[in-house]
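Subject: Structure for your review

Dear colleague,

Please find the structure below, followed by a summary of what was found in it.

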Amino acid sequence: MKKAVLLVAILAVAVFAEKIVFRAEGRVNGGFILSYMMPDLSKLSSEFTAHGLPAVDDDIVTCGGGAWGGKKNLMIGAWGFSGSQKFDGDSGSVKLNYSGVFFDPGYFIKIYKGFGIVPSLGLGMTRLRLEMREILGDVDFDSLLLDPSRISEATYRTFTAAPALSINIPIEFISIQIKGGYMWSPLSGKWRMEDGSDLRDAPEIDPSGVFASAGLMLGDQ
């Protein structure tokens, strides 16, 4: 449900931007994006292995979507992604979710008709969410009400810039978007619990890393 809401929000922002900035004679397209993310989670992985959990795989496959509108060569849009991994240990399990959302201006360099390349600079936020659960087996409802701390959730957010280069390949009424770039998080984020309180002594992570994506776009070519 959260992924669907995120995708709808991205498409709405991009279409709104296209309507405001490019009144006429413009183009707009959008669609599904599959991404291969490689953030640096080595410090988090060290914490996992020290507490009996498997090491964190820095390679994360994510799903998402985006939309872009443009007039002549200037493009404005937005895109986002989300992907999860699960880690099981002897005494508990952790579900890790890595996600991000970006405002993404770029410049379309036409090579032939709708075929071209687009250098862009995404500006937005990446988020790392950990949902931690004790392995206790089945429980009674009243015991869960008396001791609801069986599940804890912590979130790490940080500003991220994503310079990238895309190749747009038109095929009839659709196009394939091949994109590669780098997620750069220059500022240290902060860990917070689900209730808003700070999480102390948490690992200082830098989720920066390269990424690659492939998108199937519908709309004007």
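Which side chain does R129 meet in a salt bridge? The partner of R129 is E153, with 4.0 Å from N to O; a salt bridge here is a side-chain nitrogen of Lys or Arg within 4 Å of a carboxyl oxygen of Asp or Glu. The two residues come from distant parts of the chain: R129 belongs to strand 7 (residues 115-134) and E153 to strand 8, 24 residues apart. Strands are DSSP runs of E with at least two residues, numbered from the N terminus.

Please note that this is a predicted model, in which local features need pLDDT of at least 70 and side-chain atom pairs count only at pLDDT 80 or more, while totals for chains, interfaces and linings use all residues. Residues are numbered from 1 along each chain as its sequence is written, and side-chain values use heavy atoms, with hydrogens and water left out.

Strand 8, which holds E153, covers residues 151-171. E153 has a relative accessible area of 16% and is therefore buried (under 20% relative accessible area, with a 1.4 Å probe and protein chains only). R129 is likewise buried. Setting aside neighbours within four places in sequence, E153 is in contact with R129, L130, E131, R192, M193 and E194, where contact means heavy atoms within 4.5 Å.

The other salt bridge

The whole structure contains two salt bridges. One of them joins D104 to K179, whose closest N and O atoms are 3.1 Å apart. This pair also links distant parts of the chain, since D104 sits in the loop between strand 4 (92-103) and strand 5 (106-107), whereas K179 is in strand 9 (residues 174-183), 75 residues away. D104 is buried, at a relative accessible area of 2%, and K179 is buried as well, at 4%. In general, side chains of opposite charge can pair when their charged atoms come close.

Aromatic residues

Seven aromatic pairs were found; rings of Phe, Tyr and Trp (its six-membered ring) pair if their centres lie within 6.5 Å, and planes under 30 degrees apart count as stacked, over 60 as edge-to-face and the rest as tilted. F81 and Y98 make a tilted pair, with 5.3 Å centre to centre and 50 degrees between the planes. In this pair F81 lies in strand 3 (residues 74-88) and Y98 in strand 4, 17 residues apart. Both F81 and Y98 are buried. One aromatic cluster is formed by W79, F81, Y98, F102 and F211.

Yours sincerely

Note on methods:
Helix = DSSP H or I, 4+ residues; strand = E, 2+ residues; numbered from the N terminus. Buried < 20%, exposed > 50% of the residue type's maximum accessible area, 1.4 Å probe, protein only.
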